[in-house]
Amino acid sequence: MTIDLRSDTVTKPSKGMLDAMMQAKVGDDVFREDETINKLEVKVAKMFGKERALFFPSGTMANQTALKLHTKPGDQVICDKYAHIYNYESGGASFNSGISCKLIDGVRGMFTAKQVEEAINPDAYYYSKTSLVEVENTTNKGGGACWDFDEIIKINEVCKNNNLGYHLDGARIWNALVAKNETAMQYGNLFDTISVCFSKGLGCPVGSILVGNSEIMNDAIRIRKIFGGNMRQAGYLAAAGLYALQYNLDRLKEDHKRAKEIGEKLTNLSVIKHVEPIETNIVIFELIDDVDEKLFVKQLADKNIHIISMGGRKLRMVTHLDYTDAMHNKLIEVINLI
Ligand SMILES: *Cc1c(COP(=O)(O)O)cnc(C)c1O
């Protein structure tokens, strides 16, 4: 039994999902004739209370398209130092949009409206123009942390007062909705654009969506084409998304419960200095100084348990759909023996 906790992206489509995919009605999406893609786009747009949604092959492409839609070359986007758009999108912000990131020194990937206000450049010509604020929920490098919704409301005010776009990287927004009992609509009301992933906790093989109102989304399909993201009969993938929204959303609770249980066990270990608070499906922990990180990871790997390093002596485990009860029991057993 291999226990893979490196990421929630390691899941493989279930039998039910594969069946739904095989039965999808498809067409050429370049002519906008794929009825399953169209159905998923309409459904997700409605969930978030937005006029439009567009299907993407990856969350990165959806985020990069949003950055392009909100900015002009030379502009600046305000985001946290842990942000995926800054750390894990291969420098795409500068490569694709010619923009820079103004990094906020937040807590677990989250920051305050006051910090946003302080990060906005004065409008003198020799500064870059601040044009966008980007929030990530849940935070990836921040350990699956969920934002305080009141702060998100306050940042929306700052954006409105300063004429800034407001983008949400909601790759794992589903986890936040379930953990905090929030609705997609609440987020749709505040953000101009939102990217969401189907290939994380929801267990799809591929797929992301960007939502927004017509005015900003009009150019999204052109940008997607420029980025090479045109697809043809991708309704087979959209069918997985529709299936996931129906069957795999509520069960995220189980991933969260297991992550908490893992965290509680880890907290008791003498080799562990600190376990970050666990709100969703991500467990990040730090080893004490005299434990070799690579060796620790390897010793687990030798027992067929796979986890990853996040740098800075932090290690990560992520629970997911393919992490079964049997695997969970085995993992707890192994932790008890450390
Ligand atoms: C996974 C992820 C993305 C998208 O990544 P892809 O690998 O392109 O799907 C974007 N933002 C966050 C926070 C993520 O965790």
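Two strands pair if DSSP finds at least two bridges between them. Strands here are DSSP runs of E with at least two residues, helices are runs of H or I with at least four, and both are numbered from the N terminus.

Before you click, note that this is a predicted model, where local features need pLDDT of at least 70, side-chain atom pairs count only at pLDDT 80 or more, and totals for chains, interfaces and linings use all residues. Residues are numbered from 1 along each chain as its sequence is written, and side-chain values use heavy atoms, with hydrogens and water left out.

**Stop 1: the sheet.** Select Ile284, and then Arg316, its bridge partner in strand 13. Now widen the selection to strand 10 (residues 282–287) and strand 13 (residues 314–318), an antiparallel pair with 5 bridges. They belong to an open, antiparallel sheet of 4 strands, ordered 9-10-13-12. Strand 9 (272–275) and strand 12 (308–311) are the edges; each has a single partner strand, so one side of each has no neighbour in the sheet.

**Stop 2**

**Stop 3: the largest core.** A nonpolar core is a set of buried Ala, Val, Leu, Ile, Met, Phe, Trp, Tyr and Cys residues joined through side-chain atoms within 4.5 Å; buried means under 20% relative accessible area (1.4 Å probe, protein chains only). Which residues touch the most other members of the largest core? Pick Trp174 and Phe198, out of its 56 residues. Then show helix 12 (residues 235–247), the top contributor with 6 residues.

**Stop 4: another core.** Finally, find Val275, Leu287, Val297 and Leu331, which are among the 26 residues of a second, separate core.

Definitions and conventions:
Buried < 20%, exposed > 50% of the residue type's maximum accessible area, 1.4 Å probe, protein only.
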